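Here are my notes on the model, point by point. Please read them with the structure open.

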Amino acid sequence: MATSTPEEPQSVTPSQYHHYVPRFLLRNYAVHKDGFKPSTKKSGKGKSPQPQKLNLLDLESGELKQAWLSKNFGLQDMYRDFDKANPDQHKLEKQFSNLEEKASQILRTIKARFEAGKPEIQLSREEKGKLRKFLFIMLYRNRTFHSRFNKSKEEYDADDRESMLRYMEEKGFSHPRDVWFANISAFMNAEIDINNYDPADPEGGVIKIKALKTKLESQAYPMDAMWFWKNLQASFLSFCTPSAADDEFLMTQNAYSVFEGPNNIT
């Protein structure tokens, strides 16, 4: 089993800044640099550049600052596989980019219809599946999970330590971070829709879903695989907007994925 060792600094692979909040979402919060006056020209030579700054509130000093969008809501080499035998150490980040592009197309369509005053929008089963998968992975790839898995086997101290170490032993993983990478990859590649679903045969649909769950649990850490399916099947998609047009959303480094409700099933 190939393993990643983030402590190894020497590699021909260049370092990258990996966002855990995609840039296509951060651009909704982007502003121009203080003092910059954008041109009113909308196209052609000399048109105004897209804003690339974020307004950030430093909670310790209470100061409002500006910082580059490209260097916030991420970590250096967050998803990099440092295994020297891996010719593509940023493979996981590339997979993220592919999923993000699909999700961004769906969200842009929803946003455009909302801004046009449309009362509703219909999504296909495939589109809903992609969006649900994207939202779960957004939750699963954040700083909290990086902190949970980016430790040695001896230092791993999450509540599931006993079952995690047993799983690592069974699967041949030597570092918790490799489990995280394998889980994320499995979730991104998971088949979640049922092709040729027949509403007249609900029992057949249940059988197919059970088969898909079993397959995923063989490819990812079972406890997290169950959580993945729970999010896909036991929750509703919803979109929230401010009640007043002048109200704003605030997004924090650690709480953008906060959720309510139980986080386990007993």
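1. Start with the surface. Leu57, Leu59 and Leu64 make up a nonpolar patch with about 390 Å² of accessible area together. Patches take residues with over 30% relative accessible area and no salt bridge; nonpolar side chains (Val, Leu, Ile, Met, Phe, Trp, Tyr) are joined within 5 Å, like charges within 9 Å. Areas come from the Shrake-Rupley method with a 1.4 Å probe, and for residues only the protein chains shown count as cover. Leu64 sits in strand S3. Its relative accessibility is 63%, so Leu64 counts as exposed. Here buried means under 20% relative accessible area, exposed over 50%, and partly exposed in between (1.4 Å probe, protein chains only).

2. A word on the basis. This is a predicted model: local features need pLDDT of at least 70, side-chain atom pairs count only at pLDDT 80 or more, and totals for chains, interfaces and linings use all residues. Residues are numbered from 1 along each chain as its sequence is written, and side-chain values use heavy atoms, leaving out hydrogens and water.

3. Strands S2 (residues 53-57) and S3 (residues 64-68) pair in the antiparallel sense over 5 bridges. Pairing requires at least two DSSP bridges between the strands. Lys53 has Trp68 in S3 as its bridge partner. There are 6 residues between the strands, and Gly62 takes a positive phi near 75° in this hairpin.

4. Overall layout. The protein chain has 8 helices and 4 strands. These are DSSP runs numbered from the N terminus: helices are H or I with at least four residues, strands are E with at least two. The order along the sequence is β-α-β-β-β-α-α-α-α-α-α-α. Of the 266 residues, 34% count as buried. The chain exposes about 17,400 Å², with carbon and sulfur atoms supplying 51% of it. Of the contacts between residues at least 6 apart in sequence, 68% join residues at least 24 apart. Contact means heavy atoms within 4.5 Å.

5. Helix H2. H2 has 25 residues and reaches 36 Å from first C-alpha to last, close to the 36 Å expected at 1.5 Å a residue. The expected span is 1.5 Å times one less than the number of residues. Its buried residues include Leu92, Phe96, Leu99, Ala103, Ile106 and Ile110. The buried residues of H2 pack against strand S1 (17-19) and helices H1 (23-26), H3 (125-140) and H6 (176-189). Ser97, also in H2, is partly exposed at 39% relative accessibility. Ser97 and Pro22 are 75 residues apart in sequence, yet 8.5 Å apart in space, C-alpha to C-alpha. Just after H2, Gly117 takes a positive phi of about 85°.

6. H6 is mostly covered, with 11 of its 14 residues buried. Among them are Arg177, Val179, Trp180 and Phe187. Met168 lies in helix H5 (residues 161-171) and is buried, with a relative accessible area of 1%. The C-alpha atoms of Met168 and Val179 are separated by 7.5 Å. Beyond four places in sequence, Met168 touches Lys153, Phe173, Ser174, His175, Pro176 and Val179.

7. Asp77. Asp77 is in the loop between strand S4 (74-76) and H2 (91-115). Asp77 is buried at 9% relative accessible area. Leaving aside neighbours within four places, Asp77 is in contact with Ser15, Gln16, His18, Phe82, His90 and Arg177. Arg80 forms a salt bridge with Asp77, the closest N and O atoms being 3.3 Å apart. Both Arg80 and Asp77 are buried.

8. Salt bridges. Which residues are linked in a network of salt bridges? Arg148, Asp160 and Asp224 are. A salt bridge is a side-chain nitrogen of Lys or Arg within 4 Å of a carboxyl oxygen of Asp or Glu. The structure holds 10. Asp160 pairs with Arg148, the closest N and O atoms being 2.8 Å apart. Asp160 is in the loop between helix H4 (143-149) and H5, and Arg148 is in H4, 12 residues apart. Arg148 also bridges to Asp224, with closest N and O atoms 3.8 Å apart. Arg148 lies in H4 and Asp224 in helix H8 (residues 222-233), so this pair ties together parts 76 residues apart in sequence. Arg148 and Asp224 are both buried.
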